[in-house]
Amino acid sequence: MQDLLKVAIPKGRIVKHIHRLFQGAGLPLPEDLDDSRKFIIPVPEMGMEFIVAKPADVPTYVEYGVADIGIAGKDVMMEENRNVYELLDLGIARCRFSVIGLPDWMPSANPRVASKFPNVASQYFREKGQQVEVIKLNGNVELAPLIGLADRIVDLVETGNTIRENGLVELEKIADITSRLIANRVSYRMKNGAVQLLCDRLQDAITQSAAGGR
Ligand SMILES: Nc1ncnc2c1ncn2[C@@H]1O[C@H](COP(=O)(O)OP(=O)(O)OP(=O)(O)O)[C@@H](O)[C@H]1O
Ligand SMILES: O=P(O)(O)OC[C@H]1O[C@H](OP(=O)(O)OP(=O)(O)O)[C@H](O)[C@@H]1O
């Protein structure tokens with residue numbers, strides 16, 4: 001039986017960008033990738049098997065080798081710090097990590113920072129030599145300064161609509177974020193032909209799309 005390349009795909013907002021990118025690379029993905037409750041989708045004619053994952057779990061699957069390759073936001077890579085290869089910047093789902101607060105934010109004696117990304121937040125403030133208590137939340141993080149849970153948050157900003165609608169402002173940018181193609185270290189060697197072929201085709205699609213003024 002053919003050894004399929006196992007590809008972990010994050011469900012949610014990145015999927016539409018991934019469809020477009022793979023389509024541009026001449027590798028149309030199954031239509032129902034994100035819609036169905038089926039989490040393993042083999043496509044033998046592509047030589048691939050897709051594993052539909054929660055975005056934050058993709059680097060875990062790839063580190064443990066249950067997926068050979070995967071697509072993960074740089075935000076997730078920074079938070080999870082998994083032992084994987086980062087092969088390609090796909091240039092999709094572009095946003096930024098920022099420190100956000102109320103416009104009248106002032107340093108306090110016991111600063112608290114809420115985030116879905118506690119490791120990123122802790123590391124950022126540690127490197128700045130600032131002591132803060134980091135509170136892990138699972139979503140709607142912009143609420144935290146409004147209800148007095150934290151005085152600042154670390155979160156993703158794209159259009160800025162969410163922070164604007166909640167009367168918050170960006171205080172500092174931490175990093176620019178895009179999605180990355182990542183690989184398991186062993187799979188990268190053992191399945192190098194298939195991995196390299198996919199990388200080359202995606203790179204061509206990225207270059208063409210950039211030249212077309214996306
Ligand atoms: N507003 C945004 N604009 C652009 N890219 C974003 C934005 N928010 C998140 N992303 C990118 O998309 C990835 C997936 O985000 P998504 O919201 O689908 O997952 P999630 O936050 O883990 O959701 P859930 O916890 O609901 O599954 C993030 O890891 C990040 O790289
Ligand atoms: O700058 P904007 O374009 O408004 O995008 C930023 C928002 O998008 C993400 O939230 P998401 O939709 O993933 O929901 P979440 O609160 O569950 O993380 C992020 O956490 C911000 O809240």
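Here is a short tour, from the whole chain down to one ligand.

**Before you click**

What you see is a predicted model, where local features need pLDDT of at least 70, side-chain atom pairs count only at pLDDT 80 or more, and totals for chains, interfaces and linings use all residues. Residues are numbered from 1 along each chain as its sequence is written, while chains are lettered from A and ligands numbered from 1 in the order in which they are written.

**Stop 1: two domains**

Colour 5-93 + 178-211 as domain 1 and 95-177 as domain 2; these bounds come from an automatic or database domain assignment. The C-alpha centres of the two domains are 29 Å apart. Now look at where they meet: 8 residues of domain 1 are in contact with 7 residues of domain 2 (contact: C-beta atoms, placed from the backbone, within 7 Å). On the domain 1 side, pick helix α3 (residues 74-80), which gives the most, with 4 residues. Helices (H or I, at least four residues) and strands (E, at least two) are DSSP runs, numbered from the N terminus.

**Stop 2: the six-stranded sheet**

Next, show the strands in the order β2-β3-β1-β4-β11-β5: together they make an open sheet of 6 strands with mixed pairing. Two strands pair if DSSP finds at least two bridges between them. Which strands stand at the edges? They are β2 (40-43) and β5 (85-89), each with a single partner strand, so one side of each has no neighbour in the sheet.

Zoom in on β1 (residues 5-10) and β3 (residues 48-53): they run parallel and are joined by 6 bridges. Select lysine 6 and you'll find glutamate 49 in β3 opposite.

**Stop 3: around ligand 2**

Finally, select ligand 2. It is surrounded by 13 residues, and the closest are Gly139, Glu158, Thr159, Asn161 and Thr162 (a residue is near if its C-beta atom, placed from the backbone, lies within 6 Å). Both β9 (152-157) and α6 (161-165) give two or more residues to this shell, and β9 gives the most, with 3 residues.

How values were computed
Contact = placed C-beta atoms within 7 Å.
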